[in-house]
Amino acid sequence: MRRPSPVDAMLLGTVLLWALNVTVTKYMFLHGWQPLAYASIRYFAATSLFWIFTYRRERSFRIDRSDLRLVLLAGALIFVNQVCFVYGLKLGAATTMALLLATTPVFVGLVTVTLRLDHLSRQFWVGAGITFAGVMLITIGSGGSFSTDGAADLLALGTALSWGCYTIVIARLMERYSPFRISALVLAIGWVPLVLVSIPQLSTQEFSFGPKVWLGFAYAVVGPLFLTNILWFTAIDRVGPARAALFGNIQPFFAVVFALILLSESLSAVEVAGGVLIAFGIALERVWRRQPAAVPSGD
């Protein structure tokens, strides 16, 4: 058995930081932060840190003019992703957000097919069908009116879809540039529309928070946005995206665990069944994909 390596620790640490962020963000909203005010201030702080880090590392943010359209698109997707994420958590439970974020790999596949970037097998569609059956169970299990839980479910799915699209876009950019340069640019571009739509909330946001809330905010800036970018892309550079993706698949599980323990949230039996179906659909497709093709016999 292969011993855990420092890269494994980096990947696991990244996944845990991302998973905990779902609970921390929900906690912020329960204790006085308005969603857009929180997102815009958080992104400004994290972007500033990441620009300093990237400039000291690369001394340049230059990209070719022909790639500007993709960078702008990636920034727009980050903007949409953050709006869906914060309002999905404001309206719904952290556990539901965590479960529905597990659909991201399926959305990546669906967008890839839609854009005709790849042809997916019948096994993928079986896995996708099982996964979306799980989504339906979670939606039913959340049990609220459309104005609350139903809208939160749609926003959680929007978070997964926008992140899947973002993943496809930056994959093309990272063929030509370092992930640090692309991340620095995309974070900054995505922040511009975010702060513009946040102006009404920023003007009314109160900042008389206790130390726990400020500690959570500091974590949300340094951990899931700044530190994870460094750890994740450094690990991918050493072991490749396929192995890193194995760790990414366990993020929803830890996110649910954190929400259940730290926020005292609960899951209905139907939601648990939905989460199991989502995980099963994704795992089944990945197992089928790795199986070697049968070698025809000589008979």
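Select Arg59 first: at 54% relative accessibility, Arg59 counts as exposed (exposed means over 50% relative accessible area, buried under 20% and partly exposed in between, with a 1.4 Å probe and protein chains only). Arg59 sits in the loop between helix H2 (35–58) and helix H3 (68–91). Helices here are DSSP runs of H or I with at least four residues, strands are runs of E with at least two, and both are numbered from the N terminus. The phi of Arg59 is near 60°, a positive value in a residue other than glycine. Most residues other than glycine have a negative phi.

This is a predicted model, in which local features need pLDDT of at least 70 and side-chain atom pairs count only at pLDDT 80 or more, while totals for chains, interfaces and linings use all residues. Residues are numbered from 1 along each chain as its sequence is written, and side-chain values use heavy atoms, with hydrogens and water left out.

Next, go to Ser264, in the loop between H11 and helix H12 (269–290). Ser264 also has a positive phi, about 55°, although it is not a glycine. With a relative accessible area of 62%, Ser264 is exposed.

Now select H11 (residues 251–262) together with H4 (residues 94–101). These helices pack at an angle of about 175°, with their axes 8 Å apart. That makes H4 roughly antiparallel to H11 (over 145 degrees counts as roughly antiparallel, under 35 as roughly parallel, 65 to 115 as roughly perpendicular and the rest as oblique). The axes are lines fitted to C-alpha atoms over the stretch in contact, and angles run from 0 to 180 degrees between N-to-C directions.

Which residues of H4 meet H11? Show Ala94, Thr95, Ala98 and Leu99 in H4; they meet Pro252, Ala255, Val256, Ala259 and Leu260 in H11. Contact means heavy atoms within 4.5 Å. By class, this contact has 8 nonpolar, 1 polar and no charged residues.

Move to the largest nonpolar core, which has 72 residues (a set of buried Ala, Val, Leu, Ile, Met, Phe, Trp, Tyr and Cys residues joined through side-chain atoms within 4.5 Å). Val22, Met28 and Trp33 touch the most other members. Helix H9 (residues 211–239) gives the most to this core, with 11 residues. Centre on Met28: leaving out residues up to four places away in sequence, Met28 touches Trp33, Tyr38, Val213, Gly216 and Phe217.

Finally, show the whole protein. The secondary structure comes to 12 helices and 0 strands. Buried residues make up 48% of the 299 residues.

Methods
Ala, Val, Leu, Ile, Met, Phe, Trp, Tyr, Cys and Pro count as nonpolar, Asp, Glu, Lys and Arg as charged, and the others, Gly among them, as polar.
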